[in-house]
Amino acid sequence: MTAPVTAAAGRTAARGRRELAYAVLLCLAGAGLAAWAVTRAWSVEVTSRGGLPPGERSRTGADLLPWVSALAYVGLAGGGAVLATRGRLRRLLGVLLTGVGLAVAAGGGVGLTEPGASRHWPALVLVGGLASAAGGAFTASRGGGWPAMGARYERGSTSASTAGADRPAVERGTRDAWDALDRGEDPTVS
């Protein structure tokens, strides 16, 4: 009787991990694409200089709309933060990522309307922002039940760290061993 329950729980956990991976990859890929495309030359200004050859000045998307690159970097950081959060905080982060992605997409849309600007780089910013927003919306809607980072990444309680104080520092953990070495003690002796 426990085998079907265990198998179903395993499938649910695997689906949660898969959804988490898809959402994180969608956020990171979208924000990364937007961060890259905003650094490309969106427009070139040609100026005449009397009898000299004309001068050209390239302007990137970051020159025209500096806030887009900043928001794309926020989206990259938020995509990584999805892994480190859980529950309501992860859902709230998903809402934030959705808003950031939509703002980046709006920046791409503004770039598409600029006169004399290239069309493909702003379009890539638009696509990247929409992808990041989709990952954020997916996180906001389904992220509460996804698995969180393991307990080894969480800060231990003080009672747990003093529970094995009578053991040698190397048996208690790497940090205790290094702390013992810093104090000038032998970490292999209790």
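Modeller: Buried means under 20% relative accessible area, exposed means over 50%, and partly exposed lies in between (1.4 Å probe, protein chains only). This is a predicted model, where local features need pLDDT of at least 70, side-chain atom pairs count only at pLDDT 80 or more, and totals for chains, interfaces and linings use all residues. Residues are numbered from 1 along each chain as its sequence is written, and side-chain values use heavy atoms, with hydrogens and water left out.

Biologist: Why is R142 called partly exposed?

Modeller: Its relative accessible area is 36%.

Biologist: What makes E19 count as buried?

Modeller: E19 has 12% relative accessibility. Buried means under 20%, so E19 qualifies.

Biologist: How do you know that R142 forms a salt bridge with E19?

Modeller: A salt bridge needs a side-chain nitrogen of Lys or Arg within 4 Å of a carboxyl oxygen of Asp or Glu. Here the closest N and O atoms are 2.7 Å apart, so the pair passes. R142 sits in helix α5 and E19 in helix α1, 123 residues apart. Helices (H or I, at least four residues) are DSSP runs, numbered from the N terminus.

Biologist: What makes E185 and R183 a salt bridge?

Modeller: Their N to O distance is 3.2 Å. The limit is 4 Å, so this pair passes. E185 is partly exposed, at 41% relative accessible area. By this rule the count is two salt bridges.

Key. Helices (H or I, at least four residues) and strands (E, at least two) are DSSP runs, numbered from the N terminus.
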